[in-house]
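Here is a briefing on a ligand site and the pockets of one model. Look at the structure first, then read on.

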Amino acid sequence: MTNPIYLALDLPRLDAAIALAQKVRGHVGGLKLGLEFFCAHGHHGVHEVAKIGLPIFLDLKLHDIPNTVAAAMQSIHVLEPAIVTVHASGGRAMMEDAKAAAGENCKVVAVTVLTSLDDADLLRTGVPGGAHDQCLRLADLAQEAGLDGIVCSGQEVGAIHARWKKGFFVVPGLRPEEGRSADQKRTVTPRAARDAGASVLVIGRPISRAEDPVMAARAIEGTL
Ligand code: C5P
């Protein structure tokens, strides 16, 4: 079994991000680089991190007209990412064009509802019915558009997996049992997310902020 853990390299400095990734490389299956990293370090930063030899997940959450998103996908093609994210709310045509423009070995996955939005926030954007329903609706749309999968929380992955058996599910917001804290109420453990159907487990701070990141990564790996 390949290691499903993708380490989120959410560190402002490129040298620190590379040093962390090098330390834990034997205990994670891939590296996730977000919009923050990409805006700060661009293609150069991705090339440097790619030298570590692990698959790269570019979490850019693209959302624009289909033509622009397709052009952006073509521009990152050269980086050979294993996974790229787009927003499902960009619509079916945008997702179809994103997938068509992606490399053959690149999984395109859709963000459904950001976990920073609650039902009241969604209502103010004109979406009634709540985050859970909207998440399922957008997951269905992503599936119809021919995407590989979606990003969702550990609490939703079971329900979505039941509707989309072959989907590729990226699950962030995970906390190992002993690392759970009071301000993280809606988290699940990496193992629970895996059991519910997650394909990729995105883990950041439980590893990057641990006193010993290698031990932390090994411990999580050991629970899977
Ligand atoms: O919380 P942690 O540091 O493990 O987060 C890892 C990554 O997952 C971050 O890049 C963060 O942006 C993303 N994340 C997310 N949705 C959440 C929690 C975290 O997309 N609910």
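In the counts below, Ala, Val, Leu, Ile, Met, Phe, Trp, Tyr, Cys and Pro are nonpolar, Asp, Glu, Lys and Arg are charged, and the others, Gly among them, are polar. By that scheme, the lining of the second largest pocket divides into eight nonpolar, five polar and two charged residues. The model is predicted. The ligand takes up the space of the largest pocket.

**Ligand contacts**
- Lysine 32 has a side-chain N or O atom 2.9 Å from an oxygen atom of the ligand.
- The side chain of threonine 115 places an N or O atom 2.8 Å from a nitrogen atom of the ligand.
- Glycine 204 uses its backbone: an N or O atom there lies 2.8 Å from a ligand oxygen.
- The ligand taken alone exposes 460 Å², and the protein buries 75% of that.

**Ligand shell**
- Residues around the ligand include Ala8, Asp10, Pro172, Gly173 and Arg175.
- Val202, Ile203, Arg205 and Pro206 are also among the residues around the ligand.
- The shell comprises five nonpolar, three polar and four charged residues.

**Largest pocket**
- The volume of the largest pocket is about 1200 Å³.
- Its lining has 42 residues, and those closest to the centre are Leu114, Thr115, Ser116, Pro172 and Gly173.
- At least two lining residues come from each of β2 (30-34), α2 (35-50), β3 (56-62), α6 (130-144), β8 and α9.
- By class, the lining of the largest pocket holds 18 nonpolar, 13 polar and 11 charged residues.

**Second largest pocket**
- The second largest pocket has a volume of about 200 Å³.
- Of the 15 residues lining the second largest pocket, Thr2, Asn3, Tyr6, Phe168 and Val200 are the closest to its centre.

Notes:
Residues are numbered from 1 along each chain as its sequence is written. This is a predicted model: local features need pLDDT of at least 70, side-chain atom pairs count only at pLDDT 80 or more; totals for chains, interfaces and linings use all residues. Side-chain values use heavy atoms; hydrogens and water are left out. A residue is near a molecule or strand if one of its heavy atoms lies within 4 Å of it. A polar contact is a pair of N or O atoms within 3.5 Å; within protein, one must be able to donate a hydrogen and the other to accept it, and residues adjacent in sequence count only if both atoms are side-chain atoms. Accessible areas come from the Shrake-Rupley method with a 1.4 Å probe; for residues, only the protein chains shown count as cover. On a 1 Å grid over the protein atoms alone, a cavity is a set of points where a 1.4 Å probe fits but cannot get out, and a pocket is an open set with protein on both sides within 12 Å along at least five of seven lines; lining residues have an atom within 4 Å of a point. A molecule sits in a cavity or pocket if more than half of its atoms lie within 2 Å of its grid points. Grid points are joined across faces, edges and corners, and a volume is the space filled by probe spheres set on the points. Helices (H or I, at least four residues) and strands (E, at least two) are DSSP runs, numbered from the N terminus.
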